[in-house]
Amino acid sequence: MAGQERRIDDTALIREAQQGNRAAFEELVRYYDQSVLRLALHLTGSEHEAQDIYQDAFLKAYKNIGNFRFECSFYTWIYRIVTNLCLDQIRRKQVRKEDAPVAKDKSGEEFSLLDQVADGRSGADPERDLMRRELGKRIGNALEKLTARERMVFELKHYHGLKLRTVGEILQTTEETAKNTLFRATQKLRVALVDMR
Amino acid sequence: MKCEWVKENITLYVYDELADDARYELDQHVARCADCAAELKLAREFRSLLLETPAAEPNANLLASSRMKLQEALETAEQGGFWRRLAFDPARWLHQVKFSPALASVILLAGFAGGVGATYSALSGAKLAPAATSSTPAEASIAGIRSISQEPGSDHVSIKYDTVSTQEAQGSLNEAKIQQLLLFAARNNYNSGVRMDSVNLLTQKPNDAQVREALIYALRYDSNPGVRVKSLDALGNYVKDDVSVRDAVLQALVNDSNQGIRTEALRLLEPVKADSSVRAVLMTLAAKDQSEYIRKQSRSLLAQSTEMD
């Protein structure tokens, strides 16, 4: 999305939404909601939880859009809301010491979300698929060992490709802190996955 | 010493976060230092490894259902300026309609307001209690707007409105109290969605004389075509047995502003096409009606009944 163009569109929509125009708000939602859902799903590993976070985030945004003063981009603002909700969720789960991300499918069977990695190349090489699933599990476990913040910084950098400066803005910290956090996160992950090549 | 700096910054390098000058320096160092070159290789491999194993992505289903739930939630979310909630939002209606193909037959009739929204929730399995509460809490407590006045020369507006305290009655369709409320709602409620819901429930019991009366009333006088069509469909089966039903359907055929309803009424009169009053109407329509379809159909019905004589 052309950055400058996106910004200009947002401004008009945001002003409309601030006036109570729900259709304008819904249009804003549609530009960002896929990324938001993706973020929530990666971090919680649960479709159900991801959906809850999605609801909470956008409802919060809707209720508070009157307070948005354009001091940052809408993108940053909405991401801030979502990351805070995700951080809370991660911390809650850490306290309960849950295992690697699991979800329940239609028959009530638990399965690891990482097992469901859709891959166009799968099927052709079962051994490779098995390795990939194993790796997925290992990565999932390794991510669990990170602190909530380390996990978040890594997720935003690695899976969303955001610049650490943006990550800092979103998490309301400095770029320097974000850099250090990324460093720690990758170190921990490398240690956890040291025997996988 | 330089190696230490390199090791600290290799992650940033691999994620393309180093400033240009720092990146250049790292490149230079790695070209001359085997240790750091190995370290760089490891860091790159690690990143590739993770990229090879992407995390689960949300499927279209999850996204669609999340959007729908959000839309529903937004309806009751307060943002300020509650009186805007009362206004009909065509964009939102279109959205709901896209999600419910079951409403396709109803869509044929133009001029819907809140009725479609209520029908949609009825189809998706809303509870069978009479719909005393409408779409937003604020709306439910407003009995009616008494007056709206604007101070001349300013944007200050004063609105007088009556509120009611909301109560709830629960029970089966057979209970007298429930039926009473449904009949009242069908006739009186200002919100067409609520009228629609109650007519919907009443159509399940068209045997009852009182219910039939309410349905006839709705067919004759309700301003919302969706409500009228629901009543019409329920009454259709009684056209032969009940003269008042037949007359009401005839009236709808002649007077209703909605083409879809007129067409449907014509179709429902088929069993009684031989009746003299019906024939009289059909003859007028065959000759003078604006709609070609109505003219043709009337002629065809008339032709069929002469053959039977």
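Trainee: How many helices and strands does chain A have?
Mentor: Chain A comes to eight helices and two strands. Keep in mind that this is a predicted model.

Trainee: In what order do the elements of chain A run?
Mentor: From the N terminus on, the order is α-α-α-α-β-β-α-α-α-α.

Trainee: What share of chain A is buried?
Mentor: Buried residues make up 36% of its 197 residues.

Trainee: Switching to cores. Which residues touch the most other members of the largest nonpolar core?
Mentor: A40(A), V82(A) and C86(A) do. That core has 48 residues.

Trainee: Which elements of chain A each supply at least two residues of this core?
Mentor: α1 (3–18), α2 (22–44), α3 (47–64), α4 (74–96), α5 (126–144), α6 (148–159), α7 (164–170) and α8 (175–192).

Trainee: Let's zoom in on V82(A). What does V82(A) touch?
Mentor: Leaving out residues up to four places away in sequence, V82(A) touches V36(A), L39(A), A40(A), I53(A) and A57(A).

Trainee: What does the second core include?
Mentor: That core is separate and has 36 residues. Among them are A218(B), V227(B), L253(B) and A265(B).

Trainee: Why is α12(B) called roughly parallel to α14(B)?
Mentor: Because angles under 35 degrees count as roughly parallel, and these two helices pack at about 5°, α12(B) is roughly parallel to α14(B).

Trainee: Which residues make the contact?
Mentor: On α12(B), P225(B), R228(B), V229(B) and L232(B). On α14(B), G260(B), I261(B), E264(B), A265(B) and L268(B).

Trainee: What is the split by class?
Mentor: The contact of α12(B) with α14(B) has six nonpolar, one polar and two charged residues.

Trainee: Now the two chains. How many residues are in contact?
Mentor: 30 residues of chain B contact 38 residues of chain A.

Trainee: Which elements of chain B give two or more residues to that side?
Mentor: α1 (2–14), α3 (34–52), α4 (60–76) and α5 (90–99) of chain B.

Trainee: Which gives the most?
Mentor: α4(B), with eight residues.

Trainee: And how do the residues on that side of chain B divide?
Mentor: The side of chain B that touches chain A has 16 nonpolar, six polar and eight charged residues.

How values were computed: Residues numbered from 1 in each chain as written. Chains lettered and ligands numbered in written order. Predicted model: local features only at pLDDT ≥ 70, side-chain atom pairs only at ≥ 80, totals over all residues. Axes fitted to C-alpha atoms, helices over the stretch in contact; angles between N-to-C directions. Helix = DSSP H or I, 4+ residues; strand = E, 2+ residues; numbered from the N terminus. Parallel < 35°, antiparallel > 145°, perpendicular 65-115°, else oblique. Contact = placed C-beta atoms within 7 Å. Nonpolar A, V, L, I, M, F, W, Y, C, P; charged D, E, K, R; others polar. Core = buried A, V, L, I, M, F, W, Y, C linked by C-beta atoms within 7 Å. Buried ≥ 20, exposed ≤ 12 C-beta atoms within 10 Å, placed from the backbone.
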